[in-house]
2 protein chains.
Amino acid sequence: MSVGIRHDDLRRRNRAMVISAVRRAGQPSRTEIAATTGLSHSTISAICSDLIQESILTESRASEAVSLKRGRPQVGLGLNPEAAAVLAVVLSLNFLSVAVIDYAGQVVAEEQRRLDTLTMSRDELIGECVAIVRRRLEDPDLDVQSVARIALAIQGITDSHARAMLWSPITPQTNIAFADILEREFGIPAIMENDCNMMAVALRWRDPDRYRNDFIAILLSHGIGMGLVLKGELFTGTHSSGGEFGHMIHRPGGALCRCGRRGCVEAYAGNYAIWRNARQLSENAEPVADVSDADMRALAARARETDGPEREAYRKAGEALGFGLGSLFALIDPAPVAMVGASAAAFDLIEPALREAIAQTAGGQHSGSISFDTEPNELPLIREGCAMQALNFVDQEIFAPGAQGKSGTIRKDVA
Amino acid sequence: MSVGIRHDDLRRRNRAMVISAVRRAGQPSRTEIAATTGLSHSTISAICSDLIQESILTESRASEAVSLKRGRPQVGLGLNPEAAAVLAVVLSLNFLSVAVIDYAGQVVAEEQRRLDTLTMSRDELIGECVAIVRRRLEDPDLDVQSVARIALAIQGITDSHARAMLWSPITPQTNIAFADILEREFGIPAIMENDCNMMAVALRWRDPDRYRNDFIAILLSHGIGMGLVLKGELFTGTHSSGGEFGHMIHRPGGALCRCGRRGCVEAYAGNYAIWRNARQLSENAEPVADVSDADMRALAARARETDGPEREAYRKAGEALGFGLGSLFALIDPAPVAMVGASAAAFDLIEPALREAIAQTAGGQHSGSISFDTEPNELPLIREGCAMQALNFVDQEIFAPGAQGKSGTIRKDVA
DNA sequence: TCTATTTTTTCGAGCCTCGAAAAAACACTG
DNA sequence: CAGTGTTTTTTCGAGGCTCGAAAAAATAGA
């Protein structure tokens with residue numbers, strides 16, 4: 001069962017709260033931090049003075065704008081960019097990218113690389129990931145000592161401990177424990193995340209007003225993915241990254257899905273499915289491996305022009321997404337939705353049928369109030385989410401325990 | 001955002017841990033509690049001595065069995081049955097029941113009553129609930145002062161704050177704030193729970209080995225309901241009790257559901273749907289209001305005898321449940337399932353088609369390892385769950401803060 | 001320069017948990 | 001039956017943490 005609270009946990013947790021308050025607010029004063037955390041001014045003062053001593057926070061004498069008030073001006077506190085750095089690695093179809101992000105969240109270096117992920121061997125794939133990380137770590141401008149975390153996001157299913165890729169559409173390989181591999185290779189804590197989950201994390205940082213405690217990020221791409229935040233927490237399955245919205249069943253025994261099964265939402269709404277329907281191929285036709293963004297754009301253009309099979313294909317996609325969302329809403333209640341990925345640019349073609357379908361489901365009672373946002377470019381989102389997830393780890397697990405907390409970590413390992 | 005930890009929270013939380021350790025373990029010694037909570041012996045000793053002083057725990061000199069060891073014998077600690085009492089009220093179709101449960105979890109009194117919920121007016125329905133509670137509270141054997149919580153479970157949708165029934169199949173009335181009504185009437189904290197959620201809570205208390213952190217309880221009755229526990233927490237929707245598994249879409253535009261929509265899982269697997277299919281009525285036929293348990297048993301008997309429309313009706317039910325579970329498993333990964341309710345007695349007729357359907361879904365890869373338990377009688381489960389939920393509230397919210405904690409509660413109200 | 005105002009730090013009080021040692025309560029042994 | 005060993009529980013002082021109140025610091029306005 002859950003464990004009792006030790007006395008030393010208290011400081012650790014409150015330090016964590018202060019750090020995350022600073023990360024969220026940007027340049028808050030001690031007074032503002034006290035207000036948002038509910039802790040007393042004296043406690044905040046003590047914690048902040050520790051954190052500054054440890055070079056985690058910096059005083060940014062940010063009197064500038066706000067000095068309209070009388071009284072002693074507030075001193076803004078900021079994250080010290082040099083306190084740490086993290087690496088965000090994103091592996092997607094035929095594409096590998098890495099970014100080095102400082103502790104304040106700014107990108108300080110990046111590198112991108114085209115690969116042929118579908119045909120690479122297991123060792124080649126791992127080798128490329130290790131190599132791109134190594135090149136960044138060998139950058140003379142980077143203090144390797146400061147790199148505190150590597151986060152790797154991949155399209156596909158990861159395990160719930162965020163250690164391994166279990167399955168991915170971008171490679172025939174399965175069960176690659178990327179997190180363990182990178183940790184062993186570089187001696188830096190690493191984590192393996194699902195791409196759609198990272199999209200959701202990033203959306204929350206980008207627009208916390210809209211994407212607060214409960215929302216859905218759906219990736220409309222070659223396949224269909226989902227990142228789900230419920231009650232302020234990233235939702236994951238019990239064993240895997242979960243949230244395989246694309247493989248909920250839309251029509252039992254229906255169209256052939258890339259996963260080999262039939263009737264999945266993806267088999268109607270994935271790019272290959274839209275392509276297949278637009279071409280008026282059989283629902284049993286083998287899904288094509290890839291459809292270029294240009295081809296999809298052409299398809300969408302044609303659908304907008306004439307009421308032919310292309311438009312019908314998008315309609316079917318909308319219907320599948322709508323009934324899928326309806327079933328999802330039956331479970332979790334309606335929530336704001338972000339449509340991400342190339343096909344989000346064609347959401348105008350998808351939306352009517354989608355809304356019509358939702359209206360026929362349990363979520364339908366609020367179908368008018370459900371709002372959709374679109375964001376055609378998923379890669380920056382995934383990278384941002386990755387970076388925030390990694391920085392969050394540094395905040396909570398490395399800096400919150402503090403210097404003597406390290407002995408605490410060791411004790412935990414021993415126990 | 002989440003709030004910092006005050007110093008006084010520490011004691012409150014650790015008291016809560018001790019209380020829940022005792023509730024779980026039955027008669028643990030101080031040493032055992034120290035082991036399960038991870039707190040030091042001295043802390044446990046201090047907390048226990050407080051709790052005994054406050055008559056929340058009792059020392060039960062339970063040397064009896066375990067005195068095979070040398071050394072000072074352990075002193076068992078138990079919950080003091082007289083420390084408090086709770087009321088568990090269960091409102092289901094044409095049936096209202098209440099039980100008084102002491103702090104140790106034993107039923108000390110109960111009352112049941114037949115009603116005609118479908119035709120009762122709003123005031124009559126509320127009146128019956130208030131009256132049955134009042135009769136229990138007026139029982140001279142009961143110390144009214146000790147009643148610390150009323151939990152009311154109802155078939156249907158409740159709100160996520162557990163205050164009101166939003167919609168229920170047992171009555172045409174909607175939006176009844178039962179929790180507020182009972183609180184105002186009796187001045188006792190009350191809560192409004194969903195019946196299936198309470199089933200899940202009870203299952204976990206009954207068999208914590210099987211129903212630990214992730215599992216599903218499905219009610220097979222006139223309608224189809226679900227209680228879901230994920231990561232050790234009862235899963236609820238963002239606005240409502242959520243988990244409306246029965247209204248996930250099985251076949252878009254399909255059979256007419258009791259909710260007025262089409263193609264819901266329930267429209268194939270609810271008693272009325274099985275009845276409708278067994279009678280070979282149209283899928284558009286209006287759902288009947290109720291099918292007696294005897295009729296359903298006769299249906300099942302006939303389905304076991306001959307391969308006619310009855311058997312086919314159960315097959316369709318299994319198929320709908322299977323594809324529904326498959327979609328659910330796509331979202332949360334497979335988990336143990338308990339089939340509860342009268343139709344669980346016919347699970348032998350449902351299971352083959354259910355497993356066949358699951359095998360065609362994303363959850364299918366583990367379809368062999370998914371295990372189903374059946375429990376035909378839902379009412380005792382719901383009442384148990386209600387009682388545990390109420391007792392848990394008393395543990396966490398009343399006894400954990402302790403005597404001076406009450407000022408804390410007041411301060412919270414003010415803030 | 002003085003005053004009012006707001007932010008931040010300082011300081012002592014009050015709790016809480018912990019480890020070590022002591023006390024308690026028994027079984028076993030000769 | 002007294003002495004010894006063992007295990008559980010309590011006691012006690014040390015060390016931390018947060019809090020409120022008061023003091024100090026830093027500025028705008030008069």
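Of the 32 residues around DNA strand D, which come nearest? They are S42(A), R72(A), S42(B), G71(B) and R72(B), where a residue is near a strand if its C-beta atom, placed from the backbone, lies within 6 Å of it.

Colleagues, please note that this is a predicted model, in which local features need pLDDT of at least 70, side-chain atom pairs count only at pLDDT 80 or more, and totals for chains, interfaces and linings use all residues. Residues are numbered from 1 along each chain as its sequence is written, while chains are lettered from A and ligands numbered from 1 in the order in which they are written.

I turn to DNA strand C. Around it lie 32 residues, of which S42(A), G71(A), R72(A), S42(B) and R72(B) come nearest. Two or more residues each are given to this surface by helix 2 (30-37) and helix 3 (41-53) of chain A, and by helix 1 (7-25) and helix 3 (41-53) of chain B. Helices are DSSP runs (H or I, at least four residues), numbered from the N terminus.

Finally, a helix pair in chain B. Helix 6 (residues 195-206) of chain B packs against helix 12 (residues 378-399) of chain B at an angle of about 80°, with axes 7 Å apart. Axes are lines fitted to C-alpha atoms over the stretch in contact, and angles run from 0 to 180 degrees between N-to-C directions. The contact of these two helices comprises 10 nonpolar, two polar and three charged residues.

How values were computed
Ala, Val, Leu, Ile, Met, Phe, Trp, Tyr, Cys and Pro count as nonpolar, Asp, Glu, Lys and Arg as charged, and the others, Gly among them, as polar.
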